[in-house]
Amino acid sequence: MAWTRDQLAQRAAKELRDGFYVNLGIGIPTLVANYIPDGVEVTLQSENGMLGMGPFPYEDEIDADLINAGKQTITALKKTSYFSSSDSFAMIRGGHIDLSILGAMEVNDRGDLANWMVPGKMVKGMGGAMDLVAGVKRVVVVMEHTSKDGASKLLKKCTLPVTGINVVDLVITDLGVFEIDKHGSKPMTLTQLADGVTLEEITAKTEAAFVNALG
Amino acid sequence: MGNKVYPDAKSALEGFTFDGMSVMSGGFGLCGIPENLIIALRDSNVKGITVISNNAGVDGWGLGLLLETKQIKKMISSYVGENKEFARQYLSGELELEFNPQGTLAERCRAGGAGIAGFYTKTGVGTLVAEGKETKVFNGETFVLETGLVADLSIVKAWKGDKEGNLIFRKTARNFNPMMATAGKKCVAEVEILVETGELDPDAIHTPGIYVDRIVQGTFEKRIEQRTVTKRENA
């Protein structure tokens, strides 16, 4: 037993705090918006130039001038503002966004992150990922613990070209949750196991060293 | 005061295009792209273009049209994943590609238009993007030097404009258009609604007319890449 995609999103949603400005990546991170805890109000930023992103529109509300960074049609809220790409990345790079939740191919125990290219394959580009990890106050990664062939994605050293170094604060996988002291010297710490996952299983499937804070 | 208003996209580009030129093209995905000016650029048959644009259009629309005719020599973009012809030309070596992080690309355009030769950013430090670039430590953190970008021509799309070239954008169709308008040696804007000078609220203008050399009114398809909807509950 491990967490499903929706359970991963639900766990990631617990990282949201009332009043946060948040940027959600594509894939599982997008699902986090479905699990915002009661009593918590956050403002979603979309890096193509929008603060205060609403849900998908009804068919008769679709507006081609109103999309999110995944190019999906969306809606505005009462609090919405629009701005240019340079203003948008001033928010991101200037440290004004509280939290970024994004996917990854590999993470290491010092918070290095790889999520934009696999050498030898057609590379689509990094989009805003390098800006987000470099500028947002807290970076949370949501990913499968292992690749399709069973290899650990939590490594001592990333093998793929990185998106940023010492940038990740928390990793949530389908097997558990790890805290990373990205600028310090504390080892990576296991703080939670997914339902039905044992310490033995997560240890066997994790290449990076970690300490167990579960007690 | 010269006339900035042109009757169509073709005439608005006359004299502004040449082989080997660089062109900034506004838009994010297919949102807020200068649809008519891209078609006019294709029809100009100009070759060897370096295109600076966040994305590369899709097959058969937007900048994808210029890829089909092999008019693009090089792209400077942050994300190009929506275009099969792009992938084909890139993998076969026909097309050069320079990836810039999206915020770095936006800031390079902003800087170029503002006469700023370079700037230091944390984005990309320790990655392939920073290879061969100067780095500098400020307050204990490492930053990489990125340069400002200017282009021979920028083509942008706005919602409303006046005969003076003042522009107002709409919703998320603003994106890269305002910075690119400032960073072209020449800038041509196309708008949905062209009004008489004086009809726009001066406080609401996003791009002042000084940046815009020519303006043209067009009609727009406004294609949508991901049509995501909420289903109405049956009452």
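## Thr207(B) and its loop

Let's start with Thr207(B), which sits in the loop between β11 and β12 (214-217) of chain B; helices (H or I, at least four residues) and strands (E, at least two) are DSSP runs, numbered from the N terminus. Thr207(B) is buried, at a relative accessible area of 2%; buried means under 20% relative accessible area, exposed over 50% and partly exposed in between, with a 1.4 Å probe and protein chains only. Once neighbours within four places in sequence are left aside, Thr207(B) is in contact with Gly165(B), Asn166(B), Leu167(B), Phe169(B), Pro178(B), Ala181(B) and Val212(B), where contact means heavy atoms within 4.5 Å.

A word on conventions: this is a predicted model, in which local features need pLDDT of at least 70, side-chain atom pairs count only at pLDDT 80 or more, and totals for chains, interfaces and linings use all residues. Residues are numbered from 1 along each chain as its sequence is written, chains are lettered from A and ligands numbered from 1 in the order in which they are written, and side-chain values use heavy atoms, with hydrogens and water left out.

## Thr146(A), a partly exposed threonine

On chain A, Thr146(A) lies in the loop between β8 and β9 (154-155). Thr146(A) is partly exposed, with a relative accessible area of 24%. Leaving aside neighbours within four places in sequence, its contacts are Ala151(A), Ser152(A), Lys153(A) and Lys205(A). Between Thr146(A) and Asp63(A) there are 83 residues in sequence and 39 Å in space, C-alpha to C-alpha.

## Two helices with buried residues

Helix α2 of chain B covers residues 35-43, and Glu35(B), Leu37(B), Ile38(B), Ala40(B) and Leu41(B) are buried in it. Their cover includes α1 (9-13), β2 (22-25), β3 (49-52), α3 (64-68), β9 (151-162) and β11 (184-195) of chain B. After α2(B) comes Asn45(B), with a positive phi near 65°.

In chain A, the buried residues of α1(A) are Leu8(A), Ala9(A), Arg11(A), Ala12(A) and Ala13(A). They pack against α2 (28-31), β5, β8, β10, β11 and β12 (189-193) of chain A.

## The nonpolar cores

A nonpolar core is a set of buried Ala, Val, Leu, Ile, Met, Phe, Trp, Tyr and Cys residues joined through side-chain atoms within 4.5 Å. The largest one has 46 residues, and Ile101(A), Val107(A), Leu113(A), Val141(A) and Val171(A) have the most contacts inside it. Elements that each supply at least two residues of this core include α1 (5-13), β1 (21-24) and β5 (99-102) of chain A. The most comes from β8(A), with 5 residues.

Not counting residues up to four places away in sequence, Ile101(A) touches Ala12(A), Leu16(A), Asn23(A), Leu24(A), Gly25(A), Pro29(A), Val32(A), Val140(A) and Val142(A). A second, separate core of 39 residues includes Val123(A), Ile38(B), Trp61(B) and Phe99(B).

## Where the chains meet

Here 45 residues of chain A are in contact with 52 residues of chain B. About 4,100 Å² is buried between the two chains, 61% of it from carbon and sulfur atoms; buried area is the accessible area (1.4 Å probe) that two parts lose on being put together, summed over both.

There are 7 salt bridges between chain A and chain B, each a side-chain nitrogen of Lys or Arg within 4 Å of a carboxyl oxygen of Asp or Glu. One of them joins Glu82(B) to Lys71(A), with the closest N and O atoms 4.0 Å apart. On the side of chain A that touches chain B, α3 (85-93) and α4 (129-135) each supply at least two residues. The largest share, 4 residues, comes from α3(A).
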